[in-house]
Amino acid sequence: MSAPESGTPDDDLHAHVLRQLRRTGIESLAEPPSPEQFRALLRMVSHKYAESDRDGYLNDRAWEISSAEMTELYSQLEERSATELASERDRLRTVLNTTTTGLCLIDSQRLIREMNAAAAKYLSVGLGDTYGMAIVDILWGERADEHRLPFPEDLRDAIVANRLWVEDFIQFVDAEGEQCTVSVLYSPVDAFRSGGGVLAIQDHTRQSLAEANLEWRARHDQLTGLLNRAEFSRLVDESLSSGDPGSMSALMFLDLDRFKNVNDTFGHDAGDSVLIEAADRLQRSLSDSDFVCRFGGDEFVIFVGRVAGRVDAQRLATRIIQLLREPFNVFGASMVITASIGMTISEEDITASEMLRDADIALYQAKNAGRDRVSAFGSQLRSNVRERVQMERSLRTAVSRGELTVAYQPLVRAHDLSLFGFEALARWQEGDRIVPPATFIAIAEEAGFIAELGEVVLAHSLELIREFGPPEDAPVLAINVSGLQISRPGFSRRFLRQTDRAGVPGTQLCVELTEQALLTDTAVITELNILKDAGVAVALDDFGTGWSSLSLLQQFPLDRVKVDRSFVQPMITNSQDAAIVAAIIRLCRTLGLEVVAEGVEERGQLDLLRSLGCDLIQGYYTGRPMVADKALRWAEGRAVPSQRVLAADRDVLR
Ligand code: C2E
Ligand code: CA
Ligand code: CA
């Protein structure tokens with residue numbers, strides 16, 4: 001069979017059909033196919049139809065599925081982006097609302113599109129109330145006077161023209177009367193396709209407050225809120241230089257008496273509350289031209305801008321003292337606290353620091369005179385001060401040049417008047433006058449050279465001891481030591497170094513300390529124990545004049561007690577004093593302490609003391625303080641308790 005030619009009846013058939021015809025063996029449609037060939041052809045065509053049907057179904061199904069999915073996905077997507085956007089916006093608003101800067105976003109039409117809480121507050125509107133409203137209507141409209149701050153007119157021009165506008169530190173008082181400071185800024189931004197801008201209001205009030213607070217702290221005392229020293233002095237100087245030439249002002253230095261006791265007994269919180277209350281009372285007692293400062297600790301200084309005169313100032317000071325004397329309430333307990341005031345009146349050309357100095361001197365006098373009183377600075381005090389300064393200078397020179405001398409007063413045994421020892425007593429002759437130790441010891445303590453003075457006295461005393469020869473023949477030397485000396489750490493070591501260098505054993509020395517000295521410092525016991533370990537004896541001086549006497553006797557490592565002469569001297573005429581001395585002697589015996597009676601001036605006193613069992617006697621009756629040479633000669637006749645001594649006793653009597 002040959003290939004069909006063109007123009008044959010097969011031409012219009014699909015290639016697939018032609019292929020199927022050929023597969024069934026039909027070469028050309030020019031000849032009719034056999035029934036078998038025709039049936040095979042139909043089967044093939046029907047198969048193809050079935051195939052095409054299935055493909056179409058699959059296709060349709062595919063479309064169906066994917067479009068449903070797409071719809072679903074699309075709606076899901078839509079939903080998500082809407083909530084995400086919303087939460088995104090919420091987050092942004094939260095952030096915006098936490099800032100104290102007021103922010104307002106407007107679009108190109110000057111309509112409000114976003115506003116945070118701070119801005120809403122400045123404009124006195126609800127958050128969101130203004131959405132879509134014209135900013136110009138909000139800022140300058142009907143309700144403009146309800147805003148916290150007035151917005152300047154030229155800001156309106158800037159917003160309308162959409163140009164930058166800034167104004168720093170706008171001050172105003174808001175509805176609550178609060179002083180406020182803000183900065184306002186308008187800036188064009190491209191937040192919207194067609195432009196727009198942001199209005200920002202920055203609050204500086206807090207910052208200004210913080211700055212003001214810092215400034216306040218620099219000028220005031222934190223605890224009481226009173227002025228501090230520096231600010232007070234500045235204000236006083238200012239007031240002094242601006243006052244009328246004829247006017248008079250007063251400055252008062254005030255110190256709470258024994259305030260340390262409050263702290264020690266009730267604790268620092270109690271102390272603080274007393275200081276706060278005291279400050280409050282002082283403040284309330286003053287007028288507008290006066291001011292008060294906490295000078296430090298329990299010291300206050302008051303400046304009274306105008307006084308009629310000295311008497312007037314004195315009266316005011318007395319009133320202040322009375323005001324403070326009212327009981328203080330400390331944690332439910334009532335406490336009375338007194339105060340001392342040193343006062344001075346202004347003079348021409350005087351400065352704050354000069355007034356402070358004078359008032360301080362007067363205060364010192366008020367305290368010395370027994371506290372709880374006013375003392376005024378005057379010409380007497382001024383010359384006293386000058387004299388004291390002069391005296392301090394020459395005492396210092398005398399000490400450093402070794403010009404101090406020492407007098408030695410004998411201590412004898414009561415039963416036979418044999419020599420026990422000497423007390424070293426410092427002597428100072430300034431020019432042609434003899435200054436009593438009570439005066440110059442106090443000066444040396446205050447001026448800070450009591451230690452040097454003590455070393456001079458000890459050096460003289462050690463020299464005398466060596467004159468006596470071997471220790472067994474030498475008397476005990478008693479050295480006075482003040483509270484300031486013993487409370488200085490290292491006192492005992494320095495003392496022992498000096499005695500070692502002189503080759504004098506500790507057993508030949510005794511230190512005399514007053515009750516006051518023992519109570520200066522807790523470290524005193526440590527110092528005393530160092531001395532005692534080296535054999536130095538410890539005597540309690542002026543016993544009976546203090547107030548916590550009895551407990552001291554057990555508390556401190558003592559060897560000997562010196563009964564103050566204020567008990568000894570009147571004991572013959574006053575039975576009460578005699579009873580006190582008797583009790584002291586009994587007590588000391590029980591505690592194993594030796595007793596020395598000071599200031600024995602008469603035979604009668606000696607007899608009485610002997611009968612009471614007193615161990616040692618010191619006083620003009622048995623021997624006055626004397627220079628070293630005389631002390632040596634005096635000792636020669638007393639070295640051995642014998643008939644000779646009793647004869648000497650008779651000599652003394654004569
Ligand atoms: P004090 O320790 O009580 O010394 C005894 C004082 O009584 C001495 O006075 C002495 O002269 C005096 N006196 C002694 N016997 C009698 C008497 O029978 N009748 C009277 N009316 N008085 C008598 P002075 O020498 O004026 O010393 C006064 C105070 O100065 C001493 O009192 C002592 O506390 C202190 N002092 C003296 N020298 C020193 C020293 O070197 N260092 C220290 N820290 N204080 C010293
Ligand atoms: Ca003494
Ligand atoms: Ca004494």
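**Ground rules**

I am working with a predicted model, where local features need pLDDT of at least 70, side-chain atom pairs count only at pLDDT 80 or more, and totals for chains, interfaces and linings use all residues. Residues are numbered from 1 along each chain as its sequence is written, chains are lettered from A and ligands numbered from 1 in the order in which they are written, and side-chain values use heavy atoms, with hydrogens and water left out.

**Entry: the calcium ions**

I looked up the donors first (N, O and S atoms within 2.8 Å of the metal, or 3.2 Å for Na, K and Ca; water is not among the atoms, so sites may look incomplete). The calcium ion (ligand 2) is held by E423 (OE), N480 (OD1), E512 (OE) and D541 (OD), at 2.1 to 2.3 Å. Along the chain, the donors of ligand 2 have the spacing E-x56-N-x31-E-x28-D. N480 sits in strand β16 (residues 476-480) and D541 in strand β18, so this pair ties together parts 61 residues apart in sequence. I take helices (H or I, at least four residues) and strands (E, at least two) as DSSP runs, numbered from the N terminus.

For the calcium ion (ligand 3), I found D541 (OD), D542 (OD), E598 (OE) and E598 (OE) as protein donors, 1.8 to 2.9 Å from the ion. Their spacing reads D-D-x55-E. D541 belongs to strand β18 (residues 537-543) and E598 to the loop between β20 (594-597) and α22 (603-612), so the pair links parts 57 residues apart in sequence.

Which residue bridges the two calcium ions? D541 does, and ligands 3 and 2 lie 3.9 Å apart.

I then checked burial (buried is under 20% relative accessible area, exposed over 50%, partly exposed in between, with a 1.4 Å probe and protein chains only). D541 is buried, at 7%. E598 is buried too. N480 is partly exposed, at 29%.

**Entry: salt bridges**

Side chains of opposite charge can pair when their charged atoms come close. My rule: a side-chain nitrogen of Lys or Arg within 4 Å of a carboxyl oxygen of Asp or Glu. The count comes to 30 salt bridges.

I picked out a few. R560 pairs with E594, with 3.0 Å between the closest N and O atoms. R560 is in strand β19 (residues 560-563) and E594 in strand β20, so the pair ties together parts 34 residues apart in sequence. R560 is buried at 8%, while E594 is partly exposed at 28%.

E430 and R433 also meet, at 3.0 Å from N to O. Is E430 buried or exposed? E430 counts as buried, at 16%. R433 is partly exposed, at 35%.

D615 and R589 form a salt bridge at 3.7 Å. D615 is in the loop between α22 and β21 (616-617), and R589 is in helix α21 (residues 575-590), 26 residues apart. I also noted one network, in which shared partners join E215, R219, E231, R234 and E238.

**Entry: surface patches**

Patch residues have over 30% relative accessible area and no salt bridge; like charges are joined within 9 Å, and nonpolar side chains (Val, Leu, Ile, Met, Phe, Trp, Tyr) within 5 Å. Areas come from the Shrake-Rupley method with a 1.4 Å probe; for residues, only the protein chains shown count as cover.

L164, V166 and L185 make a nonpolar patch of about 250 Å². V166 lies in strand β3 (residues 165-173) and is partly exposed, at 45%.

D154, D157, E167 and D168 form a negative patch. Helix α5 (153-161) and strand β3 each give two or more residues to the negative patch. Asp and Glu count as negative and Lys and Arg as positive; His and the chain ends are not counted. Each charge is placed at NZ of Lys, CZ of Arg, CG of Asp or CD of Glu. D157, in helix α5, is partly exposed at 42%.
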